[in-house]
Amino acid sequence: MKAVDIAVSRFLGLPDDAKPVATFLICSALIAAGVVMCTSPAVAQASPFGAAPAASGFAGWVLSKQAIFYRALSATILMAKNDGSALWTLMGIAFVYGVFHAAGPGHGKAVISSYLLANDETWRRGVALSFASALVQSFTAILIVGVAAVLLGGTAKMMGQAVRVIEIASYGLIILLGSRLLWVKGLGLIRATAAWREQHSGAGTDHRHPQACVEPDCGHPIHNSFGALGKRADGDGGQSGLLQRQHHHGQLHCDACDHDHPHGHDHGPDVLPWGHAHGPEPHELGGPDGWKRGLSAIVAVGLRPCSGAIILMVFALSQGLLWAGVVATFVMGLGTAITVAAIATLAVSAKAFARRFATDEVGYGGVLVRGLEVGAAVLILAFGILLLAGYIASERLVGF
Amino acid sequence: MIVPTLRPMRIGSLGRRLHLAVACWLLLTAVPAFAHPHVWVTMKEELLYAPDGALTGVRHAWTFDETFSAFATQGLSAKTKGHFTREELQSLAQTNIESLKEYRYFTYAMVDGKKQKNAFNEPVDYWLEFDPKKTELTLHLTLPLKTPLSARQLVIEVYDPEFFVDFGLAEGNPVKLVGAPPQCAVSTEKPYDSSFQSTPTLKGLFASSEANVGMGMSFANKLTVQCP
């Protein structure tokens with residue numbers, strides 16, 4: 001690995017400190033790209049003479065359930081024409097379909113969970129982001145059908161073009177979001193590595209060097225989004241003295257990062273994750289203004305409407321039941337939000353876990369957590385690029 | 001403030017590995033899964049032969065499900081409401097063919113087990129037909145082979161690799177050989193067996209375990225012609 005580090009830093013002309021960081025960045029970019037390429041059905045598209053794809057196991061099961069529920073939706077819309085009570089069935093099916101559907105592509109679970117991993121967001125914010133983006137997604141679909149089909153009497157081609165434009169904007173936003181996170185978090189990782197190294201060179205002292213303090217998240221990784229963990233460590237005398245010392249130190253030198261405020265410390269990408277010696281600004285504390293930080297993620301993810309919702313609404317329109325299609329779209333969005341929120345919560349908990357075990361090795365843990373964040377930022381960027389370049393097949397509306 | 005509390009526990013090397021695995025799993029599952037179909041197509045196919053016994057092309061007749069047909073015909077003007085003529089659908093057919101080019105018309109040829117690259121030319125004739133009773137659209141198109149193929153075993157596959165479109169063969173005899181040598185025989189391999197319902201009933205859908213989905217199998221519909 002050392003040889004790789006040296007080769008990479010020489011090639012890029014980076015200072016010594018940055019060697020492992022640069023290697024890590026490049027490796028994670030390659031891994032992310034590899035993962036995306038290998039698991040995407042687009043590979044089959046890129047070489048259409050390869051084997052036809054097959055879905056089996058869990059993926060196949062989700063796939064078949066989605067297909068059944070999607071078809072059931074149109075069947076129920078037809079039923080509702082003659083029987084009003086079928087509308088309740090429609091809502092029920094729309095909800096379940098939404099839950100399953102979010103497991104498929106194009107529902108931003110990847111971007112949202114990566115965004116949460118990259119930023120120190122709380123699970124509650126993750127849930128809020130999931131619901132907000134699902135709501136935006138429902139609105140976009142309704143807006144397209146409402147304006148293009150109902151008001152303008154436009155064709156499927158017109159709606160396809162509208163979706164295409166929105167899609168490009170959405171992927172562009174994802175790329176911007178990923179780039180910005182990568183920049184901020186990459187610098188954070190470089191800082192964390194430097195702090196770790198410095199600490200190692202001054203080994204043997206209990207008192208951590210002030211550099212460790214300006215290390216992202218102020219060098220006491222025990223404080224994660226699940227504030228409870230940190231509190232438990234505080235109150236539990238049986239916890240290792242190291243943690244106590246760390247916490248103590250944090251209070252002495254890192255007031256800006258005191259975690260007693262109820263919103264956790266979720267510094268958005270706007271706030272550089274190091275060197276803020278002052279107290280948190282009000283806008284950093286979540287609350288109504290906190291939405292601004294998540295807005296980029298909500299819009300980037302929610303902009304792309306769900307093709308299925310558009311097709312079903314147009315079908316409902318042709319049956320004179322547009323409103324049923326509109327309500328079903330919102331219910332679908334609710335189901336989608338639940339799945340995305342569940343995945344997002346898992347992502348946040350996984351990071352909390354990662355952080356928990358990372359405290360066993362002081363300093364290194366910070367590097368590891370920063371590394372995870374950089375990886376997540378790389379993943380967002382990779383998604384954006386691959387989606388825009390058409391390597392990942394999102395849902396398509398044209399084709400016929 | 002309600003926060004989920006996690007019991008403090010000692011995390012050994014096994015625990016670490018487990019949590020790393022969880023993190024990795026999350027990143028992996030975050031990658032888009034398969035799309036699921038939004039368009040269902042019932043296919044009827046004709047394989048066209050030259051007098052010398054070589055396969056010259058494929059003639060598709062693809063019928064779309066009712067939902068997608070409603071979507072595709074949205075905003076199109078018709079003299080008689082709900083009755084679209086071939087002429088009224090011509091511009092839509094044009095759009096279809098242009099869009100299908102990117103997907104190589106979802107049609108692939110194999111000779112003696114070898115996939116042929118870019119085997120087909122652009123469609124020579126194509127049109128859309130609307131069935132006002134079933135409210136279904138059918139796209140007709142003929143794909144000529146760049147070079148006629150003659151071999152002991154020819155395979156034509158029809159599928160959408162992204163599985164946005166679910167292709168299924170029609171009931172009965174969906175594949176015809178047109179002008180083929182009499183000793184040639186065609187066999188079909190479907191990715192699923194449940195019969196296709198363009199307008200499915202709820203009961204039918206949930207009773208069938210497959211609902212026209214190639215679960216656990218390849219999505220490809222294989223048409224194999226053996227000429228001894």
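Predicted model: local features only at pLDDT ≥ 70, side-chain atom pairs only at ≥ 80, totals over all residues.
1. **Crossing of H7 and H8, chain A.** Helix H7 of chain A spans residues 123-151, and helix H8 of chain A spans residues 156-201. Their axes come within 10 Å. The crossing angle is roughly 140°. Angles over 145 degrees would count as roughly antiparallel. H7(A) and H8(A) are therefore oblique to each other. The crossing of H7(A) past H8(A) is right-handed.

2. **Residues at that contact.** H7(A) contributes A:Thr140, A:Ile144, A:Ala148 and A:Ala149. From H8(A), they meet A:Met158, A:Met159, A:Ala162, A:Val163 and A:Ile166. By class, the contact of H7(A) with H8(A) has eight nonpolar residues, one polar and no charged ones.

3. **Buried face of H3, chain B.** Helix H3 of chain B runs over residues 90-102. Its buried residues are B:Leu92, B:Ala93, B:Asn96 and B:Leu100. Seen down the axis of H3(B), the buried residues fall within an arc of 100°, so they line one face of the helix.

4. **Cover and opposite side.** What lies over the buried residues of H3(B)? The cover includes helix H2 (66-72), strand E5 (126-131) and strand E6 (136-149), which also belong to chain B. On the other side of H3(B), the exposed residues are B:Glu98, B:Lys101 and B:Glu102.

5. B:Phe106 sits in the loop between H3 and strand E3 (107-111) of chain B. Phi of B:Phe106 is near 55°, again a positive value, in a residue other than glycine. Is B:Phe106 buried or exposed? A residue counts as buried if 20 or more other C-beta atoms lie within 10 Å of its own. B:Phe106 has 21 other C-beta atoms within 10 Å, so it is buried.

6. **B:Asn118.** This residue is in the loop between strand E4 (114-115) and E5 of chain B. Phi of B:Asn118 is near 45°, a positive value in a residue other than glycine. B:Asn118 has 10, so it is exposed.

7. **Points to check in the viewer.** B:Phe106 has a positive phi and is buried. B:Asn118 has a positive phi and is exposed.

Note on methods: Residues numbered from 1 in each chain as written. Chains lettered and ligands numbered in written order. Axes fitted to C-alpha atoms, helices over the stretch in contact; angles between N-to-C directions. Helix = DSSP H or I, 4+ residues; strand = E, 2+ residues; numbered from the N terminus. Parallel < 35°, antiparallel > 145°, perpendicular 65-115°, else oblique. Left-handed = near helix turned anticlockwise from the far one by under 90°. Contact = placed C-beta atoms within 7 Å. Nonpolar A, V, L, I, M, F, W, Y, C, P; charged D, E, K, R; others polar. Buried ≥ 20, exposed ≤ 12 C-beta atoms within 10 Å, placed from the backbone. Arc of directions from axis to C-beta.
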